[in-house]
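The sequence and structure are shown first.

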Amino acid sequence: MDLLNLSEIQTIVNQYEFSKVVAWNIEDYSDKLVGYLGDHLRLRIRLNRDGIDKELKLFIKCMPRNNKWKAQYIEELTFFRKEYVMLSKLFKNFQDGEDTNRWRAKLLYIRQDLFVFEDVTEIGYVMPDYRLTMNYEQLSAVICTIAKFHAKSLIYEERKSKELNKTYRIWDEYSEYLTEPKKSQSWRDTGAKAVIDFLKVFSKYKSQTDYMKYVEVVIPMLYDCAANLMKPRTECRNVVIHRDLWANNIFLKKLDNEQYHSLIIDFQTVLYCSPMLDLSSVIYFNTSRSFRDLNTDKLLEVYYAILSDELKSVGIDVKNIIDKKTITKSYQQSIVFGITQAALIVPIIAMSDEARESSFENPESCEKVNTVSRSEEFIHLARNDEDYRKRVIELFDEISDRYIFLST
């Protein structure tokens with residue numbers, strides 16, 4: 001049975017100049033694992049107008065078709081439902097922008113179980129190499145896009161408040177879709193256990209007296225603290241955050257002026273909380289410790305400048321929304337989220353393609369690494385891949401430096 005019928009294909013094609021559908025087919029988007037929370041396919045549509053042929057290459061994201069456990073897991077997490085509501089309802093109120101003002105890929109067709117987007121690789125965008133960290137220019141471009149995305153939340157709330165003649169917050173209407181599902185706690189618990197087990201084997205501090213005793217107490221406490229941050233805050237304005245900005249949810253394009261422009265995709269894990277959770281997590285996902293030490297303050301300046309410009313363009317003074325001092329303070333509070341979230345994600349994204357596919361696409365291992373234990377996989381990889389070990393332990397030992405040694 002075809003994923004899309006002729007009527008649906010025609011709905012997509014009507015958005016282009018070529019309107020006569022000759023044929024279409026759907027194939028795997030890549031022979032590599034693109035993402036974990038759905039299948040990713042390429043839609044090819046052959047068109048004809050006045051004897052001229054043209055082929056559209058588009059991108060499909062749909063529920064897993066060949067992994068029943070993963071499909072059920074995603075259904076229980078409500079991730080597809082969440083993204084469907086964001087794309088089909090809330091984001092319709094967010095201006096997409098054109099050219100370098102764009103912040104996401106264009107949506108062409110949507111069903112509750114399937115989304116069709118433009119394939120941004122056809123217009124020059126490239127997914128960063130997930131095994132490498134980003135340089136300043138690349139990450140700065142991503143943070144500019146995050147600021148534009150966050151600004152859409154604030155602009156919508158300000159306009160809606162004026163329209164209703166009372167304070168309106170997105171949370172009032174969409175709280176059901178902007179919370180962390182309870183089912184995800186097992187994923188976080190499994191990841192926290194993997195951090196503890198990895199530190200026991202590889203930490204440079206493992207032989208210090210009582211170190212592991214503190215690790216076993218502090219790491220779960222940090223994850224509880226991070227979970228509490230994934231809720232609306234009172235000390236600053238909240239926005240819809242992406243929350244999962246690792247390399248496979250980011251596209252970069254180098255422009256004629258040698259600068260980068262970025263688009264973000266996959267809004268299935270969105271939350272409504274402090275915007276700084278996106279900043280801390282994108283920085284910890286995609287950079288080295290030395291980079292963070294050198295560039296974090298500058299990146300916060302970039303974020304605030306773009307946020308200010310976006311709000312100013314519609315007549316809103318950023319100082320009436322959030323000031324720079326609050327941004328800095330909120331970022332410091334959000335580091336515990338960014339670093340613990342990275343400790344869940346980096347050991348996975350730093351895997352080789354073969355290791356990731358074996359762990360997360362094989363139905364037999366998928367349930368185990370998601371809800372039981374992934375320590376064995378991480379430790380095995382670290383023993384056989386020096387680059388993997390160095391990247392992961394650098395992050396994990398920073399947790400020790402920040403939250404164990406400073407608290408003892």
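The account below turns to aromatic pairs, then to charges over rings, and finally to one arginine.

The model is predicted, so local features need pLDDT of at least 70 and side-chain atom pairs count only at pLDDT 80 or more, while totals for chains, interfaces and linings use all residues. Residues are numbered from 1 along each chain as its sequence is written, and side-chain values use heavy atoms, with hydrogens and water left out.

The count comes to 19 aromatic pairs, taking rings of Phe, Tyr and Trp (its six-membered ring) whose centres lie within 6.5 Å; planes under 30 degrees apart are stacked, over 60 edge-to-face and the rest tilted. Two of these pairs are listed here.

| Pair | Geometry | Centre to centre | Angle between planes |
|---|---|---|---|
| F91 and W103 | edge-to-face | 5.7 Å | 80 degrees |
| Y211 and F405 | stacked | 6.0 Å | 5 degrees |

Y211 lies in helix 7 (residues 211-229) and F405 in the segment after helix 14 (386-403), so their pair ties together parts 194 residues apart in sequence. Helices are DSSP runs of H or I with at least four residues, numbered from the N terminus. Y211 is buried at 2% relative accessible area, whereas F405, at 29%, is partly exposed; buried means under 20%, exposed over 50% and partly exposed in between (1.4 Å probe, protein chains only).

The charged end of K160 sits over the ring of Y168, 5.9 Å from its centre, and that of R374 over the ring of W187, at 4.0 Å. The criterion is NZ of Lys or CZ of Arg within 6 Å of the ring centre and within 35 degrees of the ring normal.

R292, in helix 9 (residues 289-312), is buried at 6% relative accessibility.

Definitions and conventions. Helix = DSSP H or I, 4+ residues; strand = E, 2+ residues; numbered from the N terminus.
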